[in-house]
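Good morning. Please take a look at the structure on the screen, and I will go through the ligand and then the domains.

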Amino acid sequence: MKSFVPLAASVRRLIRPTPAASAPPLKILLAFDSFNSMSQRIALECQSKGHAVQNYPFKTPEDLMEVVATNQPQIIICPFLTRKIPPEIYLNKKVPCLIVHPGIEGDRGPSSIDWALREERKTWGVTIIQADKEMDAGDIWDTNTFSIERGLGVTRTKSSLYRFECIDAAVAGVHNALTMFQRGLSPRPLDYSRPSVIGSLRPRMKQSDRRIDWNLDARKVAALIGSSDSQPGTAETLQDGVKYFLYGAHVESDFTTHAGMDVKTILGKRDDAVLVKCGQGSAVWLSHLKKEKSIKLPATWVLPEKLVASVPEIPLPPQSLQVPFRTTPKTFQEIFTWEHRGVCYLWFDFYNGAMHTEQCRRLAATLRHIKATSPARVLVLMGGLNFFSNGINLNTIEASADPAEESWRNINAIDEVVKEILLCSDKLTVTAMYGNSGAGGVMASLAADFVWAHDGVVLNPTYKTMDLYGSEYWTYSLPRRVGQAMAKQLTDSEGVPVSASQALAMGMIDRILSPSVGGFLDRVVESAEELIGSKGMEELLRRKKARTENGEFQALIQSHRDWELEHMKRCFRSEGYHGKRKAFVYKYEYLPCNASADGLRQSSQEMKEEANLLGRSYA
Ligand code: COA
């Protein structure tokens, strides 16, 4: 067996799989470019149905054929594969090879979501297609559509559509296709004469297709930027005449500050984002920029220092932390709250869930402020709209003058956030995982008294992918929930995702409130209000206050932090961490050899270009 990414045996044993009612489980080969959120979720869902899943990171067509010949799967599924499949595989109809295509029936090509968003479609879909000679033109196993509108008034991005709606639709599609296969049913041919087949073959979207007319209203500009966010980004020349890739667009609703300026003028800055003038008196915030062949960073880190220094700071208005219940800020504001019926909901919507030092400091200060001023008895930590949190920010660490030193500052800053949660004595704390989380983000979430999620959430609790021991008080929070042995296993293994159901079974989380992200917010609000109204609430709070204000408890958690940071000090000096971090942020495979980073970077760029050329979607 080749490159196997197994789910740790004891994690698997915890979940008693439910095999398809009438058919024996299948032997499935999952072939993918990367074990991304889509691949992980499909793997976990297939396992939960009792199927035997072999995860195979695609290398070459010959290698794939060898793996198939050796392992004899009954069916191959490609949840995220941008490479061409060899005829030996797609011609063998006895072992069908199914492609998860992020487009409606009839849609073909590598830029499906990009076109759907660019063209402002109201609905989109995912289709399970049998691999064939012509890309995406094979027989149809299943197709599922969804609405592109999600509410909350945030700018829709390509990656958020992929991560939430597409993955849910793909899970349903794969499930239906497998059931059909088990029943001996065949897929139907792609038939454009059917009225329901409204997709078409679309070319790969080029940067020239992604161009922005800055005379448009900011809402439109933000939507256009979102259609290419987070990959590949929209390339545009800004005020200084330099080309940047643009990310993290937020519409500014205050029109007063920027009348009479030229479009594309940088009007101001806030929390590392910049405000750029658009048409009709409007303006858009950009949180992140990237120069060609570099990495994505907060906008003010990328623009020339002189330009950044010349524009005014545009502070958030006083009292802006709290926004009306069930709305999002009408400006660029990463941290905000809803106060509703005795519950404080705290959102920290950091780009890609990565939390750099200053963001952690702002979040810790907000937690202190809430503790001091909010009358709420329950504090719900919502995390971000795309990820709950992915821990410290590896990109800003990579870009800093001294990455080891910056890693140290960042881990201490995130630990302060976790400490504020652990020592929140006057409120019960709840984590409500709207999005996935990874590494320190998972551990930070466990600091709350209760952890709730929806069934679509995937957790990646390990730090091993970065060769880190980890902090965020995990040595306190994780074993307390799952026991020492499981805690060790989860953190020792590299790249073992855990589904919400598995996390629930092992006690890592307390409740699953809804089958998917749809309806999750309603259930969070209901459940938080039930908690407030529950009989045991006052007693719980009394016991919590006594524990958290006790010096022994405070010393205990401090000792966990000290222990973890001792290990982290060593990690931050290790070659493994710096090598893996560099590979992660520049997106190449980590090769622990003496090859120069520059050489590797270049080959990573080539890999990306190849993926773009052949790619179905690069979310
Ligand atoms: N710092 C900086 N960027 C991060 C990040 C972090 N900690 N975690 C994720 N990202 C970025 C990725 O680079 C990617 O960027 P892109 O949009 O520009 O391509 C984006 O977030 C999405 O991540 P991706 O890896 O594509 O998503 P996924 O759902 O497939 O995988 C994780 C999620 C959490 C498994 C994976 O992102 C990961 O391992 N992150 C690192 C976690 C970590 O080690 N944190 C530091 C220790 S606390």
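**The ligand and the domains around it**

I'll start with the shell around the ligand, which is made up of 9 nonpolar, 12 polar and 4 charged residues. Keep in mind that this is a predicted model. In total, 25 residues surround the ligand, and the closest are Ser-230, Gln-231, Lys-296, Ile-392 and Leu-394.

A nitrogen atom of the ligand is 2.8 Å from a backbone N or O atom of Ile-392. Gln-231 uses its side chain instead: a polar atom there lies 2.9 Å from an oxygen atom of the ligand. At Ser-37, a polar backbone atom is 3.1 Å from a ligand oxygen atom. How much of the ligand does the protein bury? Taken alone, the ligand exposes 860 Å², and the protein buries 89% of that.

Next, the domains. The domain assignment gives domain 1 at 7–182, domain 2 at 218–292 and domain 3 at 335–616. Why do we say that the ligand lies between domain 1 and domain 3? Because both of these domains give residues to the shell around the ligand.

As for domain 1 and domain 2, their C-alpha centres lie 35 Å apart. Their contact takes 9 residues from domain 1 and 12 residues from domain 2.

Last, a record. An unreviewed UniProt entry places the feature "domain: Formyl transferase N-terminal" at residues 60–146. In the model, that span is 25% helix and 30% strand, and its end C-alpha atoms lie 34 Å apart.

Technical notes. Residues numbered from 1 in each chain as written. Predicted model: local features only at pLDDT ≥ 70, side-chain atom pairs only at ≥ 80, totals over all residues. Heavy atoms only, no water. Near = heavy atom within 4 Å. Polar contact = N/O pair within 3.5 Å; in protein donor to acceptor, adjacent residues only side chain to side chain. Areas by Shrake-Rupley, 256 points an atom, 1.4 Å probe, with all protein chains shown as cover. Nonpolar A, V, L, I, M, F, W, Y, C, P; charged D, E, K, R; others polar. Domains from an automatic or database assignment. UniProt positions renumbered as here; feature names shortened; annotations may be inferred. Helix = DSSP H or I, 4+ residues; strand = E, 2+ residues; numbered from the N terminus. Contact = heavy atoms within 4.5 Å.
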